[in-house]
Amino acid sequence: MLSFKVKGDEAAAWRFIDATKIMSLTANLGDAKTTIVHPGSTTHSRLSAEDKAQAGITDNLIRVAVGLEDVADLRTDLSRGIAAL
């Protein structure tokens, strides 16, 4: 599992996520596939802005749970996300 912030706002985070093709958009961490999620609007959406800030959940934060795919394929997918920014 890793998390990172993209330069920009929530819209930038979603552009990154939407550009990926291999990673599955889901909050389910128990999958063999690599998953990608925007915690601020999904898994942590019910938290107040103050609680999100305290937990480090920013609008530009993305979380990836790495699955069993080939590393080269995942790098390519992440490159798609970067290119969308």
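How many aromatic pairs does a search of the whole structure find? In this predicted model, the search finds one. The pair is formed by F4 and F16, whose rings lie 5.5 Å apart from centre to centre, with 65 degrees between their planes, an edge-to-face arrangement. F4 belongs to strand β1 and F16 to helix α1, so the pair ties together parts that are twelve residues apart in sequence. The two partners are placed as follows: F4 is partly exposed, with a relative accessible area of 21%, whereas F16 is buried, with a relative accessible area of 3%.

F16 also belongs to the largest nonpolar core, which has ten residues: V6, A12, A13, F16, I17, M23, I36, I62, V64 and L74. Helix α1 (10–19) and strand β4 (61–65) each supply at least two residues of this core. The largest share, four residues, comes from α1. In soluble globular proteins, nonpolar side chains tend to be buried together.

The strands are considered next. Four of them form an open sheet in the order β1-β4-β3-β2, with mixed pairing. Strands β1 (2–5) and β2 (24–25) stand at the edges, each with a single partner strand, so one side of each is left without a neighbour in the sheet. Strands of a sheet pair through backbone hydrogen bonds, either parallel or antiparallel. The pairing of β1 with β4 is antiparallel and extends over four bridges. Along this pairing, L2 stands opposite V64 of β4, and K5 has L61 of β4 as its bridge partner. Strand β3 (residues 35–37) also runs antiparallel to β4, and three bridges join the two. Here, the bridge partner of T35 in β4 is A65.

Five of the five residues of β4 are buried, so the strand is largely enclosed by the rest of the structure. In a regular strand the side chains alternate between the two faces of the sheet. In β4, L61, R63 and A65 point one way, while I62 and V64 point the other way, and all are buried.

Notes. Residues numbered from 1 in each chain as written. Predicted model: local features only at pLDDT ≥ 70, side-chain atom pairs only at ≥ 80, totals over all residues. Heavy atoms only, no water. Core = buried A, V, L, I, M, F, W, Y, C linked by side-chain atoms within 4.5 Å. Buried < 20%, exposed > 50% of the residue type's maximum accessible area, 1.4 Å probe, protein only. Pairing = 2+ DSSP bridges. Phe/Tyr/Trp six-rings, centres within 6.5 Å; stacked < 30°, edge-to-face > 60°.
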